[in-house]
Amino acid sequence: MIQTKDLSKVFRTEEMETTALNNLNLDIQEGEFVSVMGPSGCGKSTLLNVLGLLDSPTSGEFHFLKNEVSRYSERQRADFRKQNIGFVFQSFNLIDELSVFENVELPLFYLKVPGSERKKRVDEMLEQMGIASRRNHYPQQLSGGQQQRVAVSRALITSPKVIFADEPTGNLDSSHGEEVMTLLKDLNEQGTTIVMVTHSPAYAEWGHRTIHLFDGQIAEVTKNGKYHV
């Protein structure tokens, strides 16, 4: 599903040059649950941004669903994201002025899905996620775990091929963190590919394998056996 060859990302200013990703070679298969770990500043979030087409690499090859996307324009990246990718962030990134229903509906609105179809799909998603009773609430009226369920619902509403999760449990206590991880595991078992950045070795174990980054390179790859054979 995702393949990179000698992928690099360099940030340049007038004073300095910083290499965030350094000739990185990566292969992620459809249906995998991949965890990404490493110290602060090792390139985890940069990797997620590049793989999620929020940013473009400086050099190297990047194949996504058999498309060479490394030189896509901003518009091409946006179109590809809308059709294939969902995001879950540590800070939830919900819009405070919109209700739960409206937050989840937003991606369908951008895809110009008709109103009746949007309502049907959002109602079904909220029911599936166990938050239908909160459909008219606003983000600040929800617990952290409920907000992350809304964020996951929004990520899933377009039926993406892959979900990129950046520290999805970072702002949650242990019980709500476990709840979100169970949700991600269930989604993966239903066929959704998941790539998750985490600082937690325990949560990393929920994936099939863990990619350890250091200085923008893959230092080690470990297979996990706690939840998957």
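**Ground rules**

I'm working with a predicted model, so local features need pLDDT of at least 70 and side-chain atom pairs count only at pLDDT 80 or more, while totals for chains, interfaces and linings use all residues. Residues are numbered from 1 along each chain as its sequence is written, and side-chain values use heavy atoms, with hydrogens and water left out.

**Entry 1: α3 against α4**

I started with helix α3 (residues 100-110) and helix α4 (residues 115-128). Helices here are DSSP runs of H or I with at least four residues, strands are E runs of at least two, and both are numbered from the N terminus. I looked up an angle and a distance, since two packed helices are described by the angle between their axes and the distance between the axes. For α3 and α4 I noted about 130°, with the axes 10 Å apart. That makes α3 oblique to α4. Axes are lines fitted to C-alpha atoms, for helices over the stretch in contact, and angles run from 0 to 180 degrees between N-to-C directions.

α3 passes α4 in a right-handed crossing. (Right-handed means the near helix is turned clockwise from the far one by less than a right angle; anticlockwise is left-handed.) Who touches whom, with contact meaning heavy atoms within 4.5 Å? From α3 I listed Val-100, Phe-101, Val-104, Glu-105, Leu-108 and Phe-109, and from α4 Arg-118, Lys-119, Arg-121, Val-122, Asp-123, Met-125 and Leu-126. By class this contact has 8 nonpolar, no polar and 5 charged residues. (Ala, Val, Leu, Ile, Met, Phe, Trp, Tyr, Cys and Pro count as nonpolar, Asp, Glu, Lys and Arg as charged, and the others, Gly among them, as polar.)

**Entry 2: α5 and its partners**

Next I checked α3 with α5, which pack at about 25° with their axes 7 Å apart. The two are therefore roughly parallel to each other, and their crossing is right-handed. Val-100, Asn-103, Val-104 and Pro-107 of α3 meet Val-150, Ser-153 and Arg-154 of α5. I sorted that contact into 4 nonpolar, 2 polar and 1 charged.

Then came α5 with helix α6 (residues 174-189), at about 20° and with axes 9 Å apart. α5 and α6 are therefore roughly parallel to each other. α5 also passes α6 in a right-handed crossing. Gly-145, Gln-148, Arg-149, Val-152 and Leu-156 in α5 meet His-176, Glu-179, Val-180, Leu-183 and Leu-187 in α6. The tally there is 5 nonpolar, 3 polar and 2 charged residues.

**Entry 3: the largest pocket**

I found about 510 Å³ of space in the largest pocket. (On a 1 Å grid over the protein atoms alone, a pocket is an open set of points with protein on both sides within 12 Å along at least five of seven lines, a cavity is a set where a 1.4 Å probe fits but cannot get out, and lining residues have an atom within 4 Å of a point.) Volume is the space filled by probe spheres set on the points, which are joined across faces, edges and corners.

Of its 16 lining residues, Ile-85, Phe-87, Pro-107, Tyr-110 and Arg-154 are the closest to the centre. Which element gives the most to the lining? β6 does, with 4 residues. The lining splits into 10 nonpolar, 3 polar and 3 charged.

**Entry 4: the cavity**

Searching the whole structure, I got 1 cavity of 30 Å³ or more. Its lining includes Val-50, Leu-53, Phe-62 and Arg-77.

Conventions
Parallel < 35°, antiparallel > 145°, perpendicular 65-115°, else oblique. Left-handed = near helix turned anticlockwise from the far one by under 90°. Contact = heavy atoms within 4.5 Å.
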